[in-house]
Amino acid sequence: MTYRCPSCSQYFSIDQNRETNTNNDSLIDQINQWEQTSIAKIRLRAEEQRNILRQTIREYIQNIDNQLCSFDEKIEQIMNEKNFNETMLNSLETQIKGLQQKMNQYPHIEIKPDSTSAFISNISIITSQQNKKNLQFNSHLHWKQQATTIAGGNGEGHNLNQLKWPHGIFVNDQQQSIFIADYKNHRIVEWKTGEHDGQVVAGGNRIDQLKYPTNVIVDQNNKSLIICDHGNRRVVQWSLENQQDKQILISNIQCYGLAMTNNGDLFVSERENHTVKKLRKGEKEGTIVAGGNGRGDQLNQLNCPTSIFIDREEAIYISDRDNHRVMKWLKDANEGIIVAGGHGQGNSLNQLSSPYGLIVNEVGDIYVADCKNHRIMCWPSKSEEGRMIVGGNSQGEDSNHFNCPIDLAFDFESSLYVVDWGNHRIQRFELDQN
């Protein structure tokens, strides 16, 4: 190509093809490299999600099989002992209905693309069993008002049939057991259904192993516990197969509540700094996803957050204890929304008093342990006030009383489990079929 300079009128010859080809080759190489890297990442992510889906279905089928085997064993035992009574028959009927519901209700599974443009940058498998189970019942159900003590209840103590100021609880439907953060005994106890004693599965030997644990969740994929080791200012992972196999996941954090997604991301409430942090798998520091603007009662602040719950959209529900409210922070939001309480400390139906344990069902109904009101509340989605589920009969130790309920959970039969902190016991309330 010949080029004429407008100022001096001289002509120059330029080999455009050589320069263009050199540039094109370099740019094309970059595009090719991006394509190969992207495809490799997509294939890796796809295989991870396929494995999660396979594991979810296997666990679902195994769970039903375990429940059926246990039910058969119970029937056989009753027949051998000829121990039939009305209470037992009613219990068996409730279990049968629960099993029928479980078998007829396949777990909710969906594909969730993570995309900010036409290009899909990420994808996740979201199931109804994620994060303490996304509950599928509605807010109009009722529970019997008299509870059964299923763990502890033998006074404050360190024996295997006792608890000492228990905090967090995790219900493991697969193994028909519950895991309890036994706060002042510095241990995690597994309590099998129907057993009179628990079994220490973490800590309990020396105070430097665990110190005032406040929360525990089960990582089914890794067959381990994730424990909020509050007194040692850390989050630890503890193998269920080998008690010597443990590691520190997060250091120097005054943690209280924990939640984990299927892909291994951890959410931790930090009372000292009035924040909630998210830590992707393998991270040590994490990112603040709620709070972080000092202690206060503004919508972008928290005041001593305790329990947390993460829904399928990664919205974070937080028991904002000293503000006597429950907050909802949408993913990537700069401030939260008050979804329960927020009218000062009190015992009216639109108030809370030091909320702790927290679970949200699939339509956004909030179940919260209203600690200092000694009751469990259900706050229907977008409601201005809650409804009392159980308790609310002032502080006490009878089967329809609490002494500061501090956590709650549900099993697959929709039975309600409550950590009755001041009475050193775990209470179970059966669903009222009437």
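Trainee: Is His-374 buried or exposed?
Mentor: This is a predicted model. His-374 has a relative accessibility of 10%, and because the cut-off for buried is under 20%, His-374 counts as buried.

Trainee: Where is His-374 found?
Mentor: His-374 sits in the loop between E23 and E24. Its phi is positive, about 55°, although the residue is not a glycine.

Trainee: What is phi of His-324 near?
Mentor: Phi of His-324 is near 55°, again a positive value in a residue other than glycine. His-324 belongs to the loop between strand E19 (316–320) and strand E20 (325–329). With a relative accessible area of 12%, His-324 is buried.

Trainee: And Asn-361, buried or exposed?
Mentor: Asn-361 is buried, its relative accessible area being 5%. This residue lies in the loop between E22 and E23.

Trainee: What does the side chain of Asn-361 reach?
Mentor: It reaches the backbone nitrogen of Asp-365, at 2.8 Å.

Trainee: Turning to the cores, which residues of the largest nonpolar core touch the most other members?
Mentor: They are Trp-143, Ile-366, Ile-376 and Leu-416, in a core of 28 residues. At least two residues of this core come from each of several strands, among them strand E21 (337–341), strand E24 (375–379) and strand E27 (416–420).

Trainee: What is Ile-376 in contact with, leaving aside neighbours within four places in sequence?
Mentor: The contacts of Ile-376 include Val-368, Ile-389, Phe-402, Leu-408, Leu-416 and Val-418. Arg-387 and Pro-405 are also among them.

Trainee: How many residues are in the other core?
Mentor: That core, which lies apart from the largest one, has 26 residues, including Phe-179, Leu-210, Cys-255 and Leu-266.

Trainee: A change of topic: in what order do the four strands of the open sheet run?
Mentor: The order is E6-E7-E8-E9, with antiparallel pairing. Strand E6 (169–172) and strand E9 (199–203) are the edge strands, each pairing on one side only. From one strand to the next, the twist averages 20°.

Trainee: How many bridges join E8 and E9?
Mentor: Strand E8 (residues 187–192) pairs with E9 over four bridges, in the antiparallel sense. Within this pairing, Glu-190 has Gln-199 in E9 as its bridge partner.

Terms used
Residues numbered from 1 in each chain as written. Predicted model: local features only at pLDDT ≥ 70, side-chain atom pairs only at ≥ 80, totals over all residues. Heavy atoms only, no water. Core = buried A, V, L, I, M, F, W, Y, C linked by side-chain atoms within 4.5 Å. Buried < 20%, exposed > 50% of the residue type's maximum accessible area, 1.4 Å probe, protein only. Contact = heavy atoms within 4.5 Å. Polar contact = N/O pair within 3.5 Å; in protein donor to acceptor, adjacent residues only side chain to side chain. Pairing = 2+ DSSP bridges. Axes fitted to C-alpha atoms, helices over the stretch in contact; angles between N-to-C directions.
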